[in-house]
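Hello,

Here is the structure I promised to pass on to you. Have a look at it first, and then read my notes below.

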Amino acid sequence: MTDTPFDPATDGAQMSFDGRMSYGDYLGLDAILTAQHPLSDAHDEMLFIIQHQTSELWMRLALHELGIARSTLQKGALRPAFKMLSRVARIFEQLNSAWDVLRTMTPSDYSRFRDALGQSSGFQSHQYRLIEFTLGNRNPAMLRPHAHRPDLTALLEAELAQPSLYDVALRLLSEAQPVPEAVLGRDTRQAYAAHPGVAEAWAQVYRAPEQYWELYELAEKLVDLEDYFRRWRFNHVTTVERVIGFKRGTGGTGGVSYLRRMLEVELFPELWHLRTDL
Ligand code: HEM
Ligand SMILES: N[C@@H](CC(=O)c1ccccc1NC=O)C(=O)O
C-alpha cells in the first residue's frame, strides 16, 4: 500500500471544466436540485416533494415514449412501437416501487405539513392527465383545474383532438377484422365506450394468434401496460388510506372514495372483456 492518494488525473480523468460542458451542465442539475421548496419545517416534506418530482420526471419520459409509440403505430410499424410500450410498462413499475419509499411516512409525519399544501393535489397533475388522455381515458371535465394555465389547457386540448393510443390500435385492428364505423369515427374528445363489435374483433385475434401475431402482440402489450397502471392506482389508494384514512382530499374530492372509483376505469375494456368468452 502507498500513502499517496490515487489521483484519477493520472488515469486520464478530465479535471478541469472551465469552458467545457460538465455533467451538471448537461443534466441541468442547477435547475433540478434547487427546485425543492418545503413550506414547513416538517422533516418529511422533502421526501414528499422529491417523491412527486421524480414521479413527474418519469411521467415526462412515459409521455415521450407514448407519443412516439402512437405515431409509430400510426405508420404501421408495430414492432418498434412494442419496444416503447414495454418501456412505458417498466416506467410504471418504477413508479410502483417508489411507493415503498413514501410508505415510510406515517399519518403523524404527514399531518405536520398537510395544511401547507392548501388545495393543491395530484388531481391537478397535467402530465398524469395527459397520460390518461393519451392512453384513452378521456374526460373533458378534467381540463377545468387547468383553466388558469392556458398553455397546459392547450396541451390537454391538443391531446383530446387526436386519436388515443387505443383508437390507433383499433384502427390497426380494423385492417384485419371488421370494426364498427361508430367506433372508428368516434369523437376522440369523449370517453371511450366498450363496443361488442370491438370485443368480437379482438376475440378473433385471440382465437388465431398465429394468424394475427402482430395484433395479438399489440393487444398483450396494451394489457400489460394497463396491468401496471392499475397497480399504480391501487398502490396510490392504499397509501392514501394508510396516510389520511377517509379524510377528504386537498383537491376537494372524497379522497379514498374518489380513488376507489378510479380503480374501476378500464383503459382498453374489450381486451379485458374478451377473456371471459374465449
Ligand atoms: C401521502 C401521499 C399521498 C396522498 C395522501 C394523496 C392523496 C390523494 C387524494 C386524496 C387524491 C384525490 C384528489 C383530491 O381530492 O386531492 C389524489 C389524487 C391524485 N394523486 Fe395523490 N396522494 C399521495 C401521493 C401521490 C403521489 C406520490 C403521486 C404521484 C405523482 C400522486 C398523484 C396523484 C394523482 C395523479 C391524482 C389524480 C388521480 C386521478 O384523478 O385519478 N399522489 N391523491
Ligand atoms: N391530495 C393529498 C395531497 C397530496 O397528496 C398532494 C398535494 C400536493 C401535491 C401533490 C400531492 N399528491 C397527490 O395527490 C391530500 O389530500 O392530502
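**What I found**

The shell around ligand 2 is made up, by class, of two nonpolar, seven polar and one charged residues. Please keep in mind that this is a predicted model. The residues around ligand 2 are His52, Arg114, Leu117, Ser120, Ser121, Gly122, Ile244, Gly249, Thr250 and Gly251.

Ligand 1 is surrounded by 24 residues, and the closest are Ser121, Gly122, Gly249, Gly251 and Thr253. Sorted by class, the shell around ligand 1 has 10 nonpolar, 14 polar and no charged residues.

**The overall picture**

The C-alpha trace spans about 75 × 55 × 40 Å along its principal axes. The protein has 278 residues, of which 20% count as buried. Taking the contacts with a separation of 6 or more, 69% are between residues 24 or more positions apart.

**The core**

Which residues have the most contacts inside the largest nonpolar core? They are Tyr166, Ala169 and Trp202, in a core of 37 residues. At least two residues of this core come from each of H3, helix H4 (78-102), helix H6 (126-135), helix H8 (165-173), helix H10 (196-207), H11 and helix H13 (269-277). As a general point, nonpolar side chains tend to be buried together in soluble globular proteins.

Apart from its neighbours within four places in sequence, Trp202 is in contact with Leu173, Ala219, Glu270, Leu271 and Leu274.

**Two helices side by side**

Next, find H6 and helix H7 (residues 150-161), which pack at an angle of about 10° with their axes 9 Å apart. Angles under 35 degrees count as roughly parallel, so H6 is roughly parallel to H7. Where they meet, H6 brings His126, Arg129, Leu130, Phe133 and Thr134, while H7 brings Leu152, Leu155, Leu156, Glu159 and Leu160. By class, this contact of H6 with H7 has six nonpolar, two polar and two charged residues.

**Two single residues**

Gly197 lies in helix H10. Is Gly197 buried, exposed or partly exposed? A residue is buried with 20 or more other C-beta atoms within 10 Å and exposed with 12 or fewer; Gly197 has 15, so Gly197 is partly exposed. Leaving out neighbours within four places in sequence, Gly197 is in contact with Val179, Pro180 and Val183. Gly197 and Ser40 are 157 residues apart along the chain, and their C-alpha atoms are separated by 55 Å.

Arg112 lies in the loop between helix H5 (107-111) and H6. Arg112 also has 15 other C-beta atoms within 10 Å, and is therefore partly exposed. Beyond its neighbours within four places in sequence, Arg112 is in contact with Ser40 and Ala42. Arg112 and Gly254 are 142 residues apart in sequence, and C-alpha to C-alpha they are 21 Å apart in space.

Enjoy exploring, and write back with any questions.

Best wishes

Key. Residues are numbered from 1 along each chain as its sequence is written. Chains are lettered from A and ligands numbered from 1 in the order in which they are written. This is a predicted model: local features need pLDDT of at least 70, side-chain atom pairs count only at pLDDT 80 or more; totals for chains, interfaces and linings use all residues. A residue is near a molecule or strand if its C-beta atom, placed from the backbone, lies within 6 Å of it. Ala, Val, Leu, Ile, Met, Phe, Trp, Tyr, Cys and Pro count as nonpolar, Asp, Glu, Lys and Arg as charged, and the others, Gly among them, as polar. A nonpolar core is a set of buried Ala, Val, Leu, Ile, Met, Phe, Trp, Tyr and Cys residues joined through C-beta atoms within 7 Å. Helices (H or I, at least four residues) and strands (E, at least two) are DSSP runs, numbered from the N terminus. Two residues are in contact if their C-beta atoms, placed from the backbone, lie within 7 Å. Axes are lines fitted to C-alpha atoms, for helices over the stretch in contact, and angles run from 0 to 180 degrees between N-to-C directions. Angles under 35 degrees count as roughly parallel, over 145 as roughly antiparallel, 65 to 115 as roughly perpendicular and the rest as oblique.
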